[in-house]
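Here's a quick tour of a model, written for someone who likes cut-offs spelled out. Have a look at the coordinates first, then read on.

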2 protein chains.
Amino acid sequence: MKTIKTLQRMARLIDPVMIQYLKNGADRNFVPIVNYQVKTGGKRVRAALTILCCQACKGRIKDALIPAAMIELIHNYSLIMDDIIDHGDLRRGLPTVRAKYGDPQALLAGMFHREIIGEMALDSLQSKEIHALMVNAIKVTIEGERLDILCEQAGRYDQYMLKNRYENMTPKLYFKIIKKKTTELIKAACLAGAISARATKIHRNAIAKYGEKIGLAFQVIDDFLDIFGEKTGKQKGKDIIEHKMNNAVIVYALSDMSQKQRKRFIKILQTKRLTKDKIREAMDLLESTNTKVKVLQLANDLVVDAKKSLKVLPESSAKNDLQELADFVAARLY
Amino acid sequence: MKTIKTLQRMARLIDPVMIQYLKNGADRNFVPIVNYQVKTGGKRVRAALTILCCQACKGRIKDALIPAAMIELIHNYSLIMDDIIDHGDLRRGLPTVRAKYGDPQALLAGMFHREIIGEMALDSLQSKEIHALMVNAIKVTIEGERLDILCEQAGRYDQYMLKNRYENMTPKLYFKIIKKKTTELIKAACLAGAISARATKIHRNAIAKYGEKIGLAFQVIDDFLDIFGEKTGKQKGKDIIEHKMNNAVIVYALSDMSQKQRKRFIKILQTKRLTKDKIREAMDLLESTNTKVKVLQLANDLVVDAKKSLKVLPESSAKNDLQELADFVAARLY
């Protein structure tokens, strides 16, 4: 409960900064398109991480505001572009930018986001360092998204995809991909806070470790809910329906299945239009393994690791908030 | 002839810089996709402008290399994205990035370009100034592209486009759009050179004016060739076939036509699939006005203005090259 309030407080700080920057140089008719993604909401977890990590390193909130807004905008940029790539029509129960304004306007709005992100880097206190951190985080995220797409088993039929698709997955490859796709930006969110506070190297390393662990936990839990979640507003078995192999539950289940089961499961993922029966069969295959427990345990271990890595930081209410935030991420499971 | 050699010399300097940077952090399997656009060639006019403007302001070539490569990469970034927006399959006689690797990989390659552009700004000598110049140029170019799309009279049928399409054009609106779509980046190319040379304000202003005039001339001539060109490898009447109203020839012709002719011409532009007869009719309508002469005169005036604005610069071989480059742009007309 307290964490939700912390997040709401952060959103109140960050949203006006994002909206203000997004207006910079956007034509009057372009402004509603450019603002739309940010206005559909979001938990602002990444911005909260930047501000709290800055405070936990004894920095001032005001020095972290622009970097926090910048990180949150990178996230929104990636959502706009991902929806174009995936032909996504709905997000958070609302039409996506592309559904509302068409692909061309959405793509241009995404590109415009990227320039505003650049302006925010220019206006940050530790400008050069923040800029380098941001460029690297976006680059790694792009590569993660690229690999993630290559794990899809159906739904895209261009020659490149057909030739280069991954046809099996291992936990090792899974972690390689989510480290890029999700964790890098969350780690950068934390580091942006530490940089804004001019934190010592020891504190930066602790913050980076926290960011990495909580980022991994975040994705693993997201994957779990994409398969088993019901109360989240997501469709049960969502990633199966979307032919996605790069899901923690699927990856661990595949390595626990017999060769015959594995073949069958991948065959289902590769089916263009899945019937309810086939989805049920795939879910049964997943549940026949010990994966559910294994993935829950994995997520919990990551959260524990995240909290542990904060040990070297001095006591503060921000440090407590960061610990609660880690619990909050894990609490989505229950 | 000399100008072509100058351009080839610039390309030789710039291409290795672009290729080297594009490798930064790209996965081995992503490198060929990321490199593809640059490797399809291009005249490298923008890079040449950066280097020559730096030299004309008494700067050293080596200080302009990274900014020149950066500007050329912005151009390539915009081409990749434009081809996605326009579903373009061919460019310079070769498959576009999206045609070769599919839209998702092309979009990610475009986004990756943008990060490399950021790295080049970080590595430039006048880093902050070059970064701000670049961010602004890309923002303005995005808005120009957005307006340009809204001038298309058919071919896109999303709700936003149908509601917001421009249904008439004036020379004033035309210039507003091409200043954003084309001129801003060419002006930035020139200014990047002046900034790299730490030029005086007077010299910078001269360079900016040169860039703007030559940028306008460049687009006007491109438009002329898109309608009347035959030896350029482009299809005669190309912009008519592609339903584009934002072309200098069309805009000036529209303002010279009778209301009846104007209505008829726009009606043809709005036709989904144009027959040869209709294209012929549209061409006849264009030729019935005095536009051909008017647009040629306009382009020539712009080139003369561009050359004039260099007057305040000290004599140098780079200054001569810039003047020749202006003539070279105009020479495409004959």
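Let's start with one residue: A:Ile266 sits in helix α13 (residues 259–269) of chain A. Helices here are DSSP runs of H or I with at least four residues, strands are runs of E with at least two, and both are numbered from the N terminus. A:Ile266 counts as partly exposed because it has 18 C-beta neighbours inside 10 Å. The scale behind that label: a residue is buried if 20 or more other C-beta atoms lie within 10 Å of its own, exposed if 12 or fewer, and partly exposed in between, with C-beta atoms placed from the backbone. From A:Ile266 to A:Asp83 there are 183 residues along the chain, and their C-alpha atoms are separated by 25 Å.

Some housekeeping before going further. This is a predicted model, in which local features need pLDDT of at least 70 and side-chain atom pairs count only at pLDDT 80 or more, while totals for chains, interfaces and linings use all residues. Residues are numbered from 1 along each chain as its sequence is written, and chains are lettered from A and ligands numbered from 1 in the order in which they are written.

How confident is the predictor, then? Chain A has an average pLDDT of 93, and 98% of the residues score at least 70; pLDDT is the predictor's confidence in each residue, from 0 to 100. The model's scores are ipTM 0.95 and pTM 0.95.

**How the two chains relate**

Chain A superposes on chain B through a rotation of 180° with 0.0 Å of shift along the axis, at an RMSD of 0.0 Å. That is the relation of a two-fold axis.

**The core**

The largest nonpolar core has 219 residues, and those with the most contacts inside it are A:Ala69, A:Met134, A:Ala217, B:Ala69, B:Met134 and B:Ala217. Such a core is a set of buried Ala, Val, Leu, Ile, Met, Phe, Trp, Tyr and Cys residues joined through C-beta atoms within 7 Å. Setting aside neighbours within four places in sequence, A:Ala217 is in contact with A:Ala299, A:Leu302, A:Val303, A:Ala306, A:Val329 and A:Ala330.

The expected span of a helix is 1.5 Å times one less than its number of residues.

| Helix | Residues | End-to-end C-alpha distance | Expected span |
|---|---|---|---|
| α4(A) | 26 residues | 36 Å | 38 Å |
| α6(B) | 21 residues | 30 Å | 30 Å |

α4(A) is mostly covered, with 21 of its 26 residues buried. α4(B) has 20 of its 26 residues buried, so it is largely enclosed by the rest of the structure. After α4(A) comes A:His87, whose phi is positive, near 55°, and just after α4(B), B:His87 takes a positive phi of about 50°.

A:Arg91 is found in strand β1 (residues 90–91) of chain A. Is A:Arg91 exposed or partly exposed? With 18 C-beta neighbours inside 10 Å, A:Arg91 counts as partly exposed. Leaving aside neighbours within four places in sequence, A:Arg91 is in contact with A:Thr40, A:Leu79, A:Asp83 and A:Thr96.

A:Arg92 belongs to the loop between β1 and β2 (94–95) of chain A. A:Arg92 has a positive phi near 55° despite being a residue other than glycine, and with 11 C-beta neighbours inside 10 Å it counts as exposed. In chain B, B:Arg92 has a positive phi of about 50° and also counts as exposed, with 11 C-beta neighbours inside 10 Å.

Notes: Least-squares fit on C-alpha atoms with pLDDT ≥ 70 in both. Contact = placed C-beta atoms within 7 Å.
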